[in-house]
Amino acid sequence: MLTTLWFLLSAGAIYAACEYFVNGIEWLGRKFRLDATATGTVLAAFGTALPESAVTFIAVVFGHSPEQRDIGVGAALGGPLVLGTIAYAVVGVALWGNRHRLKRPNALVKVDNARLARDQRWFLSIFAVKCTLGLVAFAFKPWLGVLFIAAYGLYVWRELRSAETASEEEELEPLKFQPHADDPAMWRVATQSVLALVVIAIASRVFVTQIEVIGMAFGLSPHLVALVLSPVATELPETVNALIWVRQGKERLALANISGAMMIQATIPSSLALFFTPWLFDEPLIVAGALTTVAIGYLWWLFQRGHVKARWLVPVGLLYGVFAAFVAWHLA
């Protein structure tokens, strides 16, 4: 009962904190004169990806056993798979379900399709290198972690360089820490965003722990929990952010947040794992890499066509079910 209570409380805390975070991060993007896409891909993604990157860092640097370090490697592969499948499917379902409330004549996803298609190509090129390195062993492999950090720095530079002045087409809700101000103070915007992020990080850690306890209580293998359930839990903030933004009719921010978080997951945790582990994949990780590639290839095909309907995003979520079924069969 105590585990269930902590599970529900942490889930509720994550959702409430995400409400404050998305509100604060939108105002932060406005203060920095960033467009919605750059706000999502850089500011929101960097903030929500910090907890997952911290999990990888602790696992690979301070892990005292190969099994503990394997958790870090699994997180570096599981994060992109969850974001590329479940998170995009949640956006599709949420947009389709809210189309009448948003008074949309259709369920088209209103985003910069060319920019998102470019992000998918960018991710695929980095992810292909990342997975290839997981299949081979050689002496100077750890040094290649520097290239992944440089790749993310280049991605951020490109996003900020291509960002236009903040779009005025999306009305911002009043800042929750200063609800009566038309132009809230910068320190209030920053304080709200940082405090919300701290709550998200703490609640996410509690949530992941309860997921692990519940999994063991139901007799699930610890490896099954680590490979299948934990990545879903650690990527919950990005998914909740996307859900909140879609309900507000701001799918541009939602998808930009997911896209930016995927770029972080493809580079920063991978670089840490390369520095401190052999970075060699077993069968479940190989399958995770293959399914992620299929998912992103499908999304790239959708966005490069120039128009995407909400329901077209839903099938990609089934790929995570395929991965879960394979892991359950593999560990049986």
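How many helices and how many strands does the chain have? I looked this up first, and I found 11 helices and zero strands, where helices (H or I, at least four residues) and strands (E, at least two) are DSSP runs numbered from the N terminus. The radius of gyration, taken over C-alpha atoms, is 19 Å, close to the 20 Å that the globule rule gives for 332 residues, so the chain is as compact as a globular protein of that length; the rule is 2.2 Å times the number of residues to the power 0.38.

I note that this is a predicted model, in which local features need pLDDT of at least 70 and side-chain atom pairs count only at pLDDT 80 or more, while totals for chains, interfaces and linings use all residues. Residues are numbered from 1 along each chain as its sequence is written, and side-chain values use heavy atoms, with hydrogens and water left out.

Next I checked burial, and 52% of the 332 residues count as buried, meaning under 20% relative accessible area with a 1.4 Å probe, protein chains only.

I then turned to contacts (heavy atoms within 4.5 Å): among those between residues at least 6 apart in sequence, 84% join residues at least 24 apart.

Along the principal axes, I read that the C-alpha atoms fill a box of roughly 55 × 45 × 35 Å.

Key. Buried < 20%, exposed > 50% of the residue type's maximum accessible area, 1.4 Å probe, protein only.
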